Amino acid sequence: MVTPENLSGDTGGRTEPLRFDQDASATAVDMDTAIVLLGAGVTAITHPLLYVKLLIQIGHEPLTPTVGVTMFGRKVFYLPGFFSYAQHIVRVDGKMGLFRGLSPRIMSSAISTMVRSKVKEAIPAEQAEHVSNRDDLKTSLRKVMKETSHEMVIQCLSRIATHPFHVISVRCMAQFVGREDKYRGVVPHVLGEVIFLWCCNLLAHFINTYAVDDNFSQAPAVRSYTKFVMGIAVSVLTYPFMLVADLMAVNNCGLVAGLPPNSPIFKSWLHCWALLSHEGHLFRGSSFFYRRVPVTGMALTEE
């Protein structure tokens, strides 16, 4: 017979492996969280260095070279180093300008850590054999190929998952050259998701707590659908955030769809929101069937 004493005190019972698995799982989650936080910190600290490096890579040289002398007495022109370049960025954009494009890099780092962790769980590292100097050539090559293949899978999947964020980060940093402000669509997208989540959960909570009577026979069924219904209602209210995020994703990016006359060029997502609101287009595309032309979008005449 199973008793409370057996469940808590008997180490030979069947619950001990479950407890061990739960502890191991919690330890793995804590380790992943620590790695994500550490990676975010390292990424933030080293970002100014990578930012300057990227601007140099794409050939942006805003400062004139200085004349210097080599150790052999020959006069040469020197391009500005990291500190001179960084000071120029600070003069133009302020100290926070050194961290342009940091947010997508942190997201990329976090996703990379999670992907690597999941792949290592699917393909444990213990299966990879290490090369020993006692192995013959054929055995050592087999082990190296197996280990390299394991690392290749992890690296490729990580790169594929994080590539969109890498592109966003590079383009955000490259905007310094032309003083553009195109890649800011992530802000309305995140705001829309946050507002949707809080409104949906709070409304569902209040309805389930105060509007649905426990004595009602179908109360559990009603409560199971409350969050779904609230999600549909709240998604209508947060739709403008999704619309602005999509428009900013193609705004002045070189595609015909994001250039006049197909679309105006927006200075920021707030400018996009204001213009859509003024023209009555904040809910453009929210309906597939009953699509009415806004009054401001077409002159109405009475015969």
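Residues are numbered from 1 along each chain as its sequence is written, and side-chain values use heavy atoms, with hydrogens and water left out. Because the model is predicted, local features need pLDDT of at least 70 and side-chain atom pairs count only at pLDDT 80 or more, whereas totals for chains, interfaces and linings use all residues.

I begin with the second largest pocket, which holds about 490 Å³ of space. A pocket here is an open set of points on a 1 Å grid over the protein atoms alone, where a 1.4 Å probe fits, with protein on both sides within 12 Å along at least five of seven lines; lining residues have an atom within 4 Å of a point. Its lining comprises 19 residues, and Leu50, Arg105, Ser108, Arg159 and His166 lie nearest the centre. Helices H2 (15-57), H4 (102-122) and H5 (137-178) each give two or more residues to this lining; helices are DSSP runs of H or I, at least four residues. H5 provides the largest share, 9 residues. By class, the lining has 4 nonpolar, 11 polar and 4 charged residues.

I turn now to the helix pair. H6 (residues 186-211) and H7 (residues 219-237) pack at about 140°, their axes 9 Å apart. The crossing is right-handed.

Definitions and conventions. Points joined across faces, edges and corners; volume = space filled by probe spheres on them. Nonpolar A, V, L, I, M, F, W, Y, C, P; charged D, E, K, R; others polar. Axes fitted to C-alpha atoms, helices over the stretch in contact; angles between N-to-C directions. Left-handed = near helix turned anticlockwise from the far one by under 90°.
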